[in-house]
Amino acid sequence: MSETPETAASVIAFPVRAVRLAKPDTAAAYAELAACTNFSFLRGASTAQDMVLTSLLHDYTGLGVADRNTLAGVVRAWLELQQIRQDGLPTQRKVRDGGSPGEHGWTEHPDEQKLEAIKDDLKKQAKKFKLIVGSRLSFIDGTPDIIAYPKNKEGWGRLCRILTTGNLRPAPGKTRAVKGECRLVLDDLCLIADLMFIVMPGKDLDGLGWVLDHLGQRALVWLGAAMHRQGGDERRLQKLKEIAASARTSLIAINDALYHEPEQRDLQDVMTCIREGVKIEEAGRSLEANAERHLKDPQEMSRLFANAPEAIAQTQMFLDLIEFDLGELKYLYPEEPVPPGWKADDYL
């Protein structure tokens with residue numbers, strides 16, 4: 001191999017752009033806590049595997065995977081992290097091979113050779129990397145989206161019950177719930193012990209303080225702030241700081257990532273058009289204004305939040321409070337009701 005590990009460790013050339021493995025000393029530690037995957041149907045434009053790998057290459061301290069009203073994407077993210085911790089390399093990708101159902105093959109990551117040169121560093125980074133798993137709750141009663149992360153295994157159970165409630169709620173005029181449609185209202189967040197929340201403000205900030213107060217009385221709550229270069233970012237950030245201070249909660253920096261690299265923006269635009277049922281030339285403001293909804297390196301996030309460095313620091317505080325790991329979930333076979341002195345097989 002022509003390049004040395006030291007050379008490859010400084011910059012990895014992806015098909016279009018470069019991603020740095022080590023962050024500059026000037027960058028504060030950062031973790032993206034509002035990342036979705038392609039399991040956020042027709043919204044997320046990158047796989048869970050790509051989101052985890054790119055987070056490691058950016059030298060994040062952790063990643064929060066939260067797909068819209070589902071927990072479906074977290075398993076792939078967790079498995080990818082375990083694979084990199086073990087081998088230092090990403091998993092092979094499953095691809096269609098043949099025309100019959102079930103026919104598939106496996107292909108390596110397109111940057112396998114470059115990753116091979118730094119796999120030891122990548123493995124070391126993965127072992128200290130913290131993946132937290134949750135869900136982005138979307139409501140039908142006008143409540144802004146709220147990302148929920150379980151603090152422990154009990155919190156995971158409560159989050160699962162909240163999503164089950166939403167999936168069982170019928171639409172108006174219906175007697176049964178529509179399959180695949182999760183209909184949540186704010187009152188569903190009643191038993192929220194062991195859950196932590198990030199409130200995601202929409203374009204309209206009215207009523208945001210009330211939601212923060214309502215949840216803050218019973219749970220740990222943060223207010224998310226993103227800088228997407230859409231004009232008026234600094235004014236919006238200042239307004240969010242005021243709302244957070246009034247509600248006695250903390251502001252937390254996010255990038256609300258929809259994909260792992262800017263080049264995925266075109267795919268995300270296409271998915272938006274499919275979701276909205278319009279042609280791309282007719283989509284207008286339904287599309288994102290730019291390609292800023294990707295995983296940014298810590299230096300860039302620190303620069304964007306230069307006027308609110310405490311929001312960057314809150315990402316580390318949030319991570320430290322999470323105790324739950326998906327590896328805690330195991331199948332537990334119930335005890336067999338057998339008479340004293342008998343073994344289950346013998347009694348059967």
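In the largest nonpolar core, which has 67 residues, L189 and F305 are the ones that touch the most other members. Keep in mind that this is a predicted model.

**Nonpolar cores**
- Helix α2, residues 48-57, gives this core its largest share, with six residues.
- A further core of 16 residues lies apart from it, and A66, I198, F318 and L319 are among its residues.
- As for L189, setting aside its neighbours within four places in sequence, you'll find it in contact with L137, F139, I146, I162, F197, L215 and R218.

**The sheet**
- Seven strands make up an open sheet with mixed pairing, and they run in the order β3-β4-β7-β8-β9-β10-β11.
- At the edges sit β3 (31-35) and β11 (250-253), each pairing on one side only.
- From one strand to the next, the twist averages 30 degrees.
- Inside that order, β9 (residues 195-199) and β10 (residues 220-225) pair in the parallel sense, with four bridges.
- Look at I198 and you'll see that its bridge partner in β10 is W222.
- I198 also turns up in the 16-residue core mentioned above.

**E292**
- You'll find E292 in the loop between α9 (265-276) and α10 (298-304).
- Its relative accessible area is 14%, so E292 counts as buried, the cut-off being under 20%.
- Leaving out neighbours within four places in sequence, E292 is in contact with H228, R229, N255 and Y259.

Note on methods
Residues numbered from 1 in each chain as written. Predicted model: local features only at pLDDT ≥ 70, side-chain atom pairs only at ≥ 80, totals over all residues. Heavy atoms only, no water. Pairing = 2+ DSSP bridges. Helix = DSSP H or I, 4+ residues; strand = E, 2+ residues; numbered from the N terminus. Axes fitted to C-alpha atoms, helices over the stretch in contact; angles between N-to-C directions. Core = buried A, V, L, I, M, F, W, Y, C linked by side-chain atoms within 4.5 Å. Buried < 20%, exposed > 50% of the residue type's maximum accessible area, 1.4 Å probe, protein only. Contact = heavy atoms within 4.5 Å.
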